[in-house]
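Hi everyone, thanks for coming.

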Amino acid sequence: MPGLKHEKLCLPPVAGVDEAGRGPLAGPVVAAAVILPAKGVPRGLDDSKKLSATERARLFGRLQDCATIGLGIVEPEEIDRLNIYWATMKAMTLAVEALEVDPGHVLVDGNRLPRWTYPATALVGGDGISASIAAASIVAKQTRDRMMIELAEAHPEYHWHSNKGYGCPRHLAALRDHGPTPIHRRSFAPVARACAQFGLLL
């Protein structure tokens, strides 16, 4: 389980940063920055992908009550303009900038850091070893999932309420049958093919 070993090596306050939504064909990429409280860290923090939806929602609520949280959201149009890598780096930067306090150090899931001035460390598999990064993974995924469920109401044929914009068979079939929406990422190959099929500009 993720712990606080890495946080204790850094100048406080320490913010953990992670993102959700690099791979989907539709919707934004969302990053979260989380500074955990000195006392009362919620039990059960883990990589969001390892948690059930119920447990993720419970921990998300606990984190909203006790942690300092910043969110960064980059929408599909900007993802297409920047590319998904740089859009993710921007979302992470926006998340840290949205915190109420400047972090003494930032721990980032992965092997790359945004171009920023914050003291920071990249941790491969960070959401599985750092409690603050695990918390950020939960907040980012829960926030993005809720956004996609809301967007699904306007575009029910794509089944975003269940696939959250990822390229599962039902989503791909709907893309071929109905064409892309403004929420789709036109720089992603399956969406680009659908644009060509329907005579839409990229």
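Before we start, one term: I'll call a residue buried when its relative accessible area is under 20%. By that cut-off, buried residues make up 51% of the 202 residues in this protein. Please keep in mind that this is a predicted model.

Now for the overall fold. You can find 8 helices and 5 strands here. Going along the sequence, they come in the pattern α-β-β-α-β-α-α-β-β-α-α-α-α.

How does the radius of gyration fit a compact globule? For 202 residues, such a globule would have a value near 17 Å, and the protein has 17 Å, so the two agree. Along the principal axes, the C-alpha atoms fill a box of roughly 55 × 35 × 25 Å. Among contacts with a separation of 6 or more, 63% come from residues 24 or more positions apart.

Finally, let's zoom in on Ser 130, in the loop between β5 (120-123) and α5 (131-154). Is Ser 130 buried or exposed? Its relative accessible area is 0%, so Ser 130 counts as buried. Its side chain makes a polar contact with the side chain of Ser 132, at 3.2 Å. Beyond its neighbours within four places in sequence, Ser 130 is in contact with Pro 2, Gly 3, Glu 7, Leu 107 and Leu 123.

Thanks, and I'm happy to take questions!

How values were computed:
Residues are numbered from 1 along each chain as its sequence is written. This is a predicted model: local features need pLDDT of at least 70, side-chain atom pairs count only at pLDDT 80 or more; totals for chains, interfaces and linings use all residues. Side-chain values use heavy atoms; hydrogens and water are left out. Helices (H or I, at least four residues) and strands (E, at least two) are DSSP runs, numbered from the N terminus. The radius of gyration is taken over C-alpha atoms; the globule rule is 2.2 Å times the number of residues to the power 0.38. Buried means under 20% relative accessible area, exposed over 50%, partly exposed in between (1.4 Å probe, protein chains only). Contact means heavy atoms within 4.5 Å. A polar contact is a pair of N or O atoms within 3.5 Å; within protein, one must be able to donate a hydrogen and the other to accept it, and residues adjacent in sequence count only if both atoms are side-chain atoms.
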